[in-house]
2 protein chains.
Amino acid sequence: MVTHVTEEIPRSVWYGWGDPERARPLRAGALQYLLSTLRLDSVEATCPPVDFSSITVAPSGIDAQALAALRAVTGDRHVSTRDSERILHAGGKSTPDLMRMRAGEVPEAPDAVVFPGSAEEVRAILAVCVERGLAVVAFGGGTSVVGGVDPVRANFSGVITLDMRRLDRLLHIDPVSRTATLEAGMRGPAIEAALQAHGFTLGHFPQSHQEATLGGYVATRSAGQASTGYGRMENLVKAVHLETPSGPFDVGSSAPGTAAGPKLLDAIVGSEGTLGVITSATLMISPLPKHKSYGAWSFPSFEAGADALRRLRHEGVRGDMPHVCRLSDTDETAATFKLGGWKAGALARYLVLRGQRTQALALFVWEGGEREAKARKRRSARIMRRAGGVALGPLPATAWEHGRFNGPYMRDELLTRGVYVETLETAATWTELAATYARVRGAILGALEAHGKAGYVQAHISHVYPDGASLYYTCLDD
Amino acid sequence: MVTHVTEEIPRSVWYGWGDPERARPLRAGALQYLLSTLRLDSVEATCPPVDFSSITVAPSGIDAQALAALRAVTGDRHVSTRDSERILHAGGKSTPDLMRMRAGEVPEAPDAVVFPGSAEEVRAILAVCVERGLAVVAFGGGTSVVGGVDPVRANFSGVITLDMRRLDRLLHIDPVSRTATLEAGMRGPAIEAALQAHGFTLGHFPQSHQEATLGGYVATRSAGQASTGYGRMENLVKAVHLETPSGPFDVGSSAPGTAAGPKLLDAIVGSEGTLGVITSATLMISPLPKHKSYGAWSFPSFEAGADALRRLRHEGVRGDMPHVCRLSDTDETAATFKLGGWKAGALARYLVLRGQRTQALALFVWEGGEREAKARKRRSARIMRRAGGVALGPLPATAWEHGRFNGPYMRDELLTRGVYVETLETAATWTELAATYARVRGAILGALEAHGKAGYVQAHISHVYPDGASLYYTCLDD
């Protein structure tokens with residue numbers, strides 16, 4: 001059965017996110033909200049991307065000998081020097097990346113894009129590149145927002161991008177020990193489809209799930225929407241196979257634990273491709289949950305909601321933490337209620353009637369056996385109520401889950417309408433959380449104001465740690 | 001209130017473990033069991049340690065200038081070149097270490113023992129040692145069993161041991177975020193006393209708890225008896241302050257999480273002092289449990305018991321895993337019942353009546369709120385029963401807890417009686433566990449047999465991971 005986490009979509013469109021066919025245009029109410037929030041005169045679609053065919057790049061600088069050597073490794077059809085392929089691999093998906101691309105500006109593109117079919121081919125390609133002084137960029141889903149896939153030539157004679165999409169196999173699964181070895185080029189839906197066929201899930205769902213790859217998850221030290229329950233990528237990875245300019249390198253092991261150090265695995269996780277090309281990884285997997293319980297509570301302020309999450313983590317029964325645990329600040333909550341249709345509007349009015357004039361919305365998903373998940377939700381509800389939360393039923397959480405991968409599509413439409421949108425993330429201990437939240441928010445608004453922008457910032461917590469929580473900011477300006 | 005985890009004992013006796021006043025001699029029944037198991041003619045106390053005053057070491061090779069430079073850092077009384085102090089720092093507590101020491105053989109001793117009082121003093125001492133080509137060994141509780149505190153001179157002009165006992169302060173505690181920063185020289189009981197005064201525990205209880213230090217925990221990537229519940233040292237450490245020959249180095253941070261890599265903290269955890277001297281660390285702490293529930297079950301074989309632990313981990317309700325989770329193989333269980341007095345003997349007879357002619361004993365401690373811990377035990381009991389376990393009540397687990405730090409004392413008596421005893425540890429995935437268990441056991445017995453020894457091996461699991469378990473072997477021979 002294909003579900004929203006196993007459904008494969010086409011490779012991302014060149015100017016923006018995913019498959020534009022799946023984008024849902026902003027409704028009139030949302031546009032009105034934008035106009036008033038950002039104090040804009042217009043949100044007409046005045047800034048569409050240029051025509052793809054109009055984009056030009058500097059010609060590939062790769063010489064015939066290097067090209068022949070690469071083609072000897074992978075076969076002719078897996079090495080491309082076509083401009084269209086080079087442009088598609090010219091950057092990631094940060095907002096600055098997209099703005100350049102939409103304007104048809106491609107300052108640097110790889111000299112060739114190579115699609116290796118195995119770790120051995122990656123090794124051979126690296127040997128060619130070492131010999132010829134070519135830089136190499138590993139490219140998974142291409143969703144990096146920190147320049148991780150930029151084709152930086154620097155002092156090298158050229159730059160080659162390795163598109164890992166052909167390394168797409170589940171190599172091994174151990175259902176007894178609950179581990180699996182997967183190739184690095186598998187995208188989120190392919191990973192889930194392969195594991196779910198055996199009754200398992202990786203449980204890793206970043207917003208980029210539909211495009212991002214396993215290798216990218218490891219290389220970027222990724223966190224997902226359900227990482228409070230399943231753990232972040234660094235908690236899931238047991239071992240990595242790396243191909244480096246000096247040869248293959250296996251780090252970590254299948255052993256469940258070891259007292260022997262120093263351990264280098266954690267130096268690879270988050271290395272952003274700088275230490276080698278990740279070709280496969282062995283990870284912890286979990287049984288597919290039999291049941292999901294959804295819940296939502298509203299708090300009078302972000303700070304009150306954050307304190308409720310801390311209490312849930314610290315005072316709740318061991319194991320009761322939901323797999324998904326999110327808290328929006330009052331601005332993000334207002335936007336959610338405003339853009340969420342008439343049911344969301346009704347919830348907002350209900351909260352005002354209950355005396356909550358400002359609202360910070362917390363969403364939870366408990367996964368597991370049905371009886372267990374429901375019991376965890378029930379016990380957690382007591383803590384939420386004691387902490388001042390007003391229960392809102394399952395709807396806000398199911399609605400969130402339904403649209404969980406849609407955020408980046410909205411960015412494309414906003415950019416077309418001339419509205420800049422960017423995100424950034426940090427984390428703080430419980431002790432520092434409220435102050436960090438306010439300081440970062442203030443810094444963003446201050447910077448926008450200094451540039452004469454009518455900025456808007458919203459934030460949420462999407463990962464709860466024992467000692468603190470993440471803070472994820474979205475900012476918009478004209 | 002002083003408890004068995006906060007009670008400080010004197011620094012370990014030179015020839016063996018801990019405070020010999022606390023050792024309880026083996027009873028007649030135990031001696032008889034030894035005689036028959038190892039097929040010995042005698043277990044008389046024929047091999048006592050030599051007289052301490054008879055031990056000689058090569059004179060300290062440190063020159064007057066170096067000594068003066070060290071004394072200028074710490075003050076005269078914190079630098080010792082006395083033979084007695086040098087002998088006390090000549091090695092760790094592995095069985096070979098003890099056998100050499102008991103025989104009065106001290107092949108290498110540090111040229112001086114320095115007791116720094118702060119990270120700054122450690123830094124200044126390292127500068128002196130760099131300048132003068134002196135090797136430096138960090139020494140915490142001195143309980144290393146892998147040569148970690150051996151005063152290896154190698155190609156250096158001399159070797160200095162840094163005894164960290166004066167770095168003994170709780171530097172900071174954050175009860176809201178549940179973290180604490182502690183100096184490296186604190187021994188287990190001091191750590192617990194400092195944290196328990198604030199209502200918290202580190203939850204880290206290796207068998208060496210009474211002697212080992214925080215710095216040693218980090219440097220050796222330590223696991224403890226309750227690590228199934230609290231996590232191993234690498235799960236608890238957030239940040240480490242290191243003094244290195246090139247200067248101070250802070251690794252990790254107070255942030256609860258970060259996507260920025262590569263992370264180097266895991267290269268320090270387990271580095272055994274090779275990368276610098278750990279002077280303090282910031283760790284996760286937990287509230288002192290309000291209640292403990294104890295349970296024990298017996299299984300017809302080690303393999304059946306291991307499968308029950310796997311089911312408990314995989315099929316049990318999230319969070320139900322006990323904090324302490326141990327399973328002895330049939331040999332260790334037989335020894336436990338044999339050496340445990342009449343109540344243990346009665347349990348063994350009861351199991352035979354219940355049809356269990358061979359027994360593998362599983363011990364559990366659930367910690368937390370009373371209602372919660374009891375509920376977790378109750379649910380777990382169902383899984384144990386379904387997996388073929390026979391319930392034995394709390395007694396075996398409370399008895400184990402009462403004697404949890406006593407094992408190493410027994411080694412001293414066995415060595416005095418001419419019986420060699422050694423331990424080693426590994427881990428395997430659930431899939432490989434039974435085969436690994438049997439292979440390591442066979443290899444030990446085979447090696448003993450090849451040397452004409454009537455060997456005896458017992459083993460237990462003391463840490464359960466999601467994907468496997470630890471295996472801890474104790475072997476004895478004549």
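A: In this predicted model, chain B and chain A bury about 3600 Å² between them, and 53% of that area is on carbon and sulfur atoms. On the side of chain B, the residues that lose the most area to chain A are Pro256(B), Arg318(B) and Asp467(B), which together account for 19% of what that side buries. The contact draws 47 residues from chain B and 47 residues from chain A.

The polar part of the interface can be described next. The count of salt bridges between chain B and chain A is two. In a salt bridge between the chains, the side chain of Lys238(B) meets that of Asp467(A), with 2.4 Å from N to O. Polar contacts across the interface of chain B and chain A join 23 residue pairs, counted where both residues have pLDDT 80 or more. Several elements of chain B give two or more residues to the side that touches chain A: the helices α8 (227-230), α10 (265-268), α11 (302-315), α14 (370-386) and α17 (430-450), together with the strands β16 (420-429) and β18 (468-477). The largest share comes from β16(B), which supplies three residues. By residue class, the side of chain B that touches chain A divides into 17 nonpolar, 17 polar and 13 charged residues.

Over all chains, a search of the whole structure finds 14 aromatic pairs. One aromatic pair, formed by Trp14(B) and Phe52(B), is tilted, with 5.1 Å centre to centre and 55° between the planes. Trp14(B) lies in the segment before α1 (28-37) of chain B and Phe52(B) in the loop between α1 and α2 (64-74), so this pair ties together parts that are 38 residues apart in sequence. Trp14(B) has a relative accessible area of 15% and is therefore buried, whereas Phe52(B), at 25% relative accessibility, counts as partly exposed. For Tyr437(B) and Tyr473(B), the ring centres are 6.4 Å apart and the planes stand at 15°, so the pair is stacked. Tyr437(B) belongs to helix α17 of chain B and Tyr473(B) to strand β18 of chain B, and the pair thus links distant parts of the chain, 36 residues apart. Tyr437(B) and Tyr473(B) are both buried. In chain A, Trp14(A), Tyr15(A) and Phe52(A) form one aromatic cluster.

Asp163(B) lies in strand β4 (residues 158-163) of chain B and is buried, with a relative accessible area of 0%. The side chain of Asp163(B) is joined to that of His89(B) by a polar contact of 2.6 Å. Leaving aside neighbours within four places in sequence, Asp163(B) is in contact with His89(B), Val113(B), Val114(B), Phe115(B), Pro116(B) and Phe139(B).

In chain A, His209(A) is found in the loop between β7 (200-201) and α7 (214-219). His209(A) is likewise buried, with a relative accessible area of 0%. Apart from neighbours within four places in sequence, His209(A) is in contact with Val5(A), Arg187(A), Gly188(A), Pro189(A), Glu192(A), His204(A), Tyr217(A) and Phe405(A).

Technical notes
Residues are numbered from 1 along each chain as its sequence is written. Chains are lettered from A and ligands numbered from 1 in the order in which they are written. This is a predicted model: local features need pLDDT of at least 70, side-chain atom pairs count only at pLDDT 80 or more; totals for chains, interfaces and linings use all residues. Side-chain values use heavy atoms; hydrogens and water are left out. Contact means heavy atoms within 4.5 Å. Buried area is the accessible area (1.4 Å probe) that two parts lose on being put together, summed over both. A salt bridge is a side-chain nitrogen of Lys or Arg within 4 Å of a carboxyl oxygen of Asp or Glu. A polar contact is a pair of N or O atoms within 3.5 Å; within protein, one must be able to donate a hydrogen and the other to accept it, and residues adjacent in sequence count only if both atoms are side-chain atoms. Helices (H or I, at least four residues) and strands (E, at least two) are DSSP runs, numbered from the N terminus. Ala, Val, Leu, Ile, Met, Phe, Trp, Tyr, Cys and Pro count as nonpolar, Asp, Glu, Lys and Arg as charged, and the others, Gly among them, as polar. Rings of Phe, Tyr and Trp (its six-membered ring) pair if their centres lie within 6.5 Å; planes under 30 degrees apart count as stacked, over 60 as edge-to-face and the rest as tilted. Buried means under 20% relative accessible area, exposed over 50%, partly exposed in between (1.4 Å probe, protein chains only).
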